[in-house]
Amino acid sequence: MKSCLNSLKVSALTLLIIGLVTISVAHAAIEGGDAKKGKKLAKEKCKYCHVAGAEGGTITPLSKTQRQWERFYSKDKHNKKAPGTWDKINPNELTDIMQFMYDHAADSPQPETCGQ
Ligand code: HEC
């Protein structure tokens, strides 16, 4: 009986740990990019497809919340919607762009529209 209780404790602890890890992953932030550079880069690398009338439609930081940007980026969703279109953007530049989107997202402290 005692060992049974112990294993119950262990599995409760395991569940708790899994739960905490899940929460911290779900709330991960986009960090480490340079949002100022990202703003310039977004104009160069994203805008030609993402203004009104262009193939991707209008996209600005305000298009998503911070959590939505984080998920969009971490789940590589662009590649599913428009395969290959990010292939020529180098990963550091992409991080800067995503930092700009994230820092100025719809629910961020400083929402911004990228001058559109
Ligand atoms: C070569 C054209 C092209 C380039 C460059 C491009 N995109 Fe896209 N993007 C698309 C297309 C096409 C879609 C799909 C639009 C749709 O599904 O209606 C898309 C979709 C998106 C979406 C999803 C919108 C939604 O429905 O949630 C986001 C966000 C986005 N792009 C951001 C970016 C960012 C940020 C960059 C620059 C790093 C970028 N795109 C560069 C063509 C492009």
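1. How do the residues of the shell around the ligand divide into nonpolar, polar and charged? The shell comprises eight nonpolar, six polar and three charged residues, where Ala, Val, Leu, Ile, Met, Phe, Trp, Tyr, Cys and Pro count as nonpolar, Asp, Glu, Lys and Arg as charged, and the others, Gly among them, as polar. The structure is a predicted model, in which local features need pLDDT of at least 70 and side-chain atom pairs count only at pLDDT 80 or more, whereas totals for chains, interfaces and linings use all residues. Residues are numbered from 1 along each chain as its sequence is written.

2. The ligand is surrounded by 17 residues, of which the closest are C46, C49, G56, A82 and T85; a residue counts as near a molecule if its C-beta atom, placed from the backbone, lies within 6 Å of it. Two helices, α4 (77-81) and α5 (91-103), each supply at least two residues of this shell.

3. The protein chain contains five helices and zero strands, with the elements running α-α-α-α-α from the N terminus on. Helices (H or I, at least four residues) and strands (E, at least two) are DSSP runs, numbered from the N terminus. Of the contacts between residues at least 6 apart in sequence, 77% join residues at least 24 apart, a contact being a pair of residues whose C-beta atoms, placed from the backbone, lie within 7 Å.

4. Two packed helices are described by the angle between their axes and the distance between the axes. For α2 (residues 35-45) and α5, the axes come within 7 Å and cross at roughly 105 degrees, the axes being lines fitted to C-alpha atoms, for helices over the stretch in contact, with angles from 0 to 180 degrees between N-to-C directions. That makes α2 roughly perpendicular to α5 (65 to 115 degrees; under 35 is roughly parallel, over 145 roughly antiparallel and the rest oblique). The contact is made by A35, K37, G38, K39, L41, A42 and K45 of α2 together with E93, D96, I97, Q99, F100 and D103 of α5, and by class it has five nonpolar, two polar and six charged residues.

5. Buried residues make up 23% of the 116 residues in the protein chain; a residue is buried if 20 or more other C-beta atoms, placed from the backbone, lie within 10 Å of its own, exposed if 12 or fewer, and partly exposed in between. In α2 the buried residues are A35, G38, K39, L41, A42 and K45, and these pack against α5. L41 is buried because 23 other C-beta atoms lie within 10 Å. Leaving aside neighbours within four places in sequence, L41 is in contact with E93, D96 and I97, while the C-alpha atoms of L41 and L94, 53 residues apart along the chain, are separated by 8.4 Å.

6. Helix α3 (residues 66-74) packs with α5 at an angle of about 160 degrees, with the axes 8 Å apart, and the two are therefore roughly antiparallel to each other. Q66, W69, E70 and Y73 in α3 meet M98, M101 and Y102 in α5, a contact with five nonpolar, one polar and one charged residues.

7. A backbone detail deserves a check: D76, in the loop between α3 and α4, has a phi near 55 degrees, a positive value in a residue other than glycine. D76 counts as exposed because 9 other C-beta atoms lie within 10 Å.

Key:
Two residues are in contact if their C-beta atoms, placed from the backbone, lie within 7 Å.
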